[in-house]
Each structure stands twice: as C-alpha cells, then as structure tokens.
Amino acid sequence: MDVKEQITKAVEKITKDQKLQEQFQKDPVKALESVLGVDLPDDVIEQVVKGVKANLTGDKISDSVDALKGLFKK
C-alpha cells in the first residue's frame with residue numbers, strides 16, 4: 001500500500017465534500033475507511049488519520065509520510 005497515495009486520495013476527496021469533512025471531524029476512522037474503501041488495522045488507520053489531518057492543516061504530505069514509513073515495513 002502506498003501511504004502517500006492513500007493520504008493524497010483521502011485529502012482530495014475530503015476537501016471536495018462537505019459531508020465527508022463533517023464525518024472526518026466526528027469520526028475520522030470511519031470517514032477514511034469509507035473514502036479508501038478498505039478496513040485497515042487500527043494502528044495503520046490512526047497513522048493515516050494523522051497524515052490526513054496534517055495535510056488538511058497545511059503541513060507537507062511528505063513530512064507526514066516520512067513519519068509513517070516504518071509502519072509498512074513490518
């Protein structure tokens with residue numbers, strides 16, 4: 001799974017859809033699972049949530065991805 005690609009996909013969909021933005025604020029895990037179409041393990045989805053939140057607040061996606069790389073090399 002390409003984390004950067006998944007984060008980018010989620011950010012694009014969430015920023016274009018007001019309902020998804022509201023759902024992401026209330027329940028980010030369910031919002032991401034519906035956007036990505038997969039049920040990820042809790043530790044992985046939490047890291048993706050952090051990456052998406054960072055990107056939505058203006059942080060660089062590459063910074064978020066660098067922090068997540070270790071999860072997917074297990």
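Modeller: A nonpolar core is a set of buried Ala, Val, Leu, Ile, Met, Phe, Trp, Tyr and Cys residues joined through side-chain atoms within 4.5 Å. The model here is predicted.

Colleague: Which residues of the largest nonpolar core touch the most other members?

Modeller: The largest core has 18 residues, and those touching the most other members are A10, I14, F24, L32, V48 and V52. At least two residues of this core come from each of helix 1, helix 2 (18-26), helix 3 (28-36) and helix 4 (42-56).

Colleague: What secondary structure does the chain have?

Modeller: The chain has five helices and zero strands. Read from the N terminus, the order of elements is α-α-α-α-α. Of the 74 residues in the chain, 39% are buried.

Colleague: How do you know that the span of helix 1 agrees with its number of residues?

Modeller: Helix 1 covers residues 3-16, which is 14 residues, and at 1.5 Å a residue these should span 20 Å. The end C-alpha atoms of helix 1 are 20 Å apart, so the two values agree. Helix 4 passes the check as well: its 15 residues should span 21 Å, and its end C-alpha atoms are 21 Å apart.

Colleague: Which residues of helix 1 are buried?

Modeller: They are V3, Q6, I7, A10, V11 and I14.

Colleague: Why are the buried residues of helix 1 said to line one face of the helix?

Modeller: Looking down the axis of helix 1, the buried residues fall within an arc of 130°, so they line one face. An α-helix has 3.6 residues a turn, so residues three or four places apart point the same way.

Colleague: What makes Q23 partly exposed?

Modeller: The relative accessible area of Q23 is 30%. Buried means under 20% and exposed over 50%, so Q23 is partly exposed. Q23 has its place in helix 2. Apart from residues up to four places away in sequence, Q23 touches P28, K30, A31 and S34.

Colleague: Why does Q25 count as exposed?

Modeller: Q25, also in helix 2, has a relative accessibility of 69%. The cut-off for exposed is over 50%, so Q25 counts as exposed. Q25 and K53 are 28 residues apart in sequence, with their C-alpha atoms 9.5 Å apart in space.

Colleague: Why are helix 3 and helix 4 called roughly perpendicular to each other?

Modeller: Their axes cross at roughly 90° and come within 10 Å. The range for roughly perpendicular is 65 to 115 degrees, and helix 3 and helix 4 are therefore given that description. The contact is made by P28, V29, L32, E33 and L36 of helix 3 together with I45, E46, V48, V49, V52 and K53 of helix 4.

Colleague: What makes L36 buried or exposed?

Modeller: L36 lies in helix 3 and has a relative accessible area of 8%. Buried means under 20%, so L36 is buried. Beyond its neighbours within four places in sequence, L36 is in contact with Q6, K9, A10 and V48. L36 and K13 are 23 residues apart in sequence, and C-alpha to C-alpha they are 9.6 Å apart.

Colleague: What makes I45 buried or exposed?

Modeller: I45 is in helix 4, and its relative accessibility is 0%. That value is under the 20% cut-off, so I45 counts as buried. Leaving aside neighbours within four places in sequence, I45 is in contact with V29, L32, E33 and L40.

Colleague: Which other residues of helix 4 are buried?

Modeller: Besides I45, helix 4 has V44, V48, V49, G51, V52, A54 and N55 buried. Among them, V48 is in contact with I7, L32 and L36, leaving aside its neighbours within four places in sequence.

Terms used: Residues numbered from 1 in each chain as written. Predicted model: local features only at pLDDT ≥ 70, side-chain atom pairs only at ≥ 80, totals over all residues. Heavy atoms only, no water. Helix = DSSP H or I, 4+ residues; strand = E, 2+ residues; numbered from the N terminus. Expected span 1.5 Å × (residues − 1). Buried < 20%, exposed > 50% of the residue type's maximum accessible area, 1.4 Å probe, protein only. Arc of directions from axis to C-beta. Contact = heavy atoms within 4.5 Å. Axes fitted to C-alpha atoms, helices over the stretch in contact; angles between N-to-C directions. Parallel < 35°, antiparallel > 145°, perpendicular 65-115°, else oblique.
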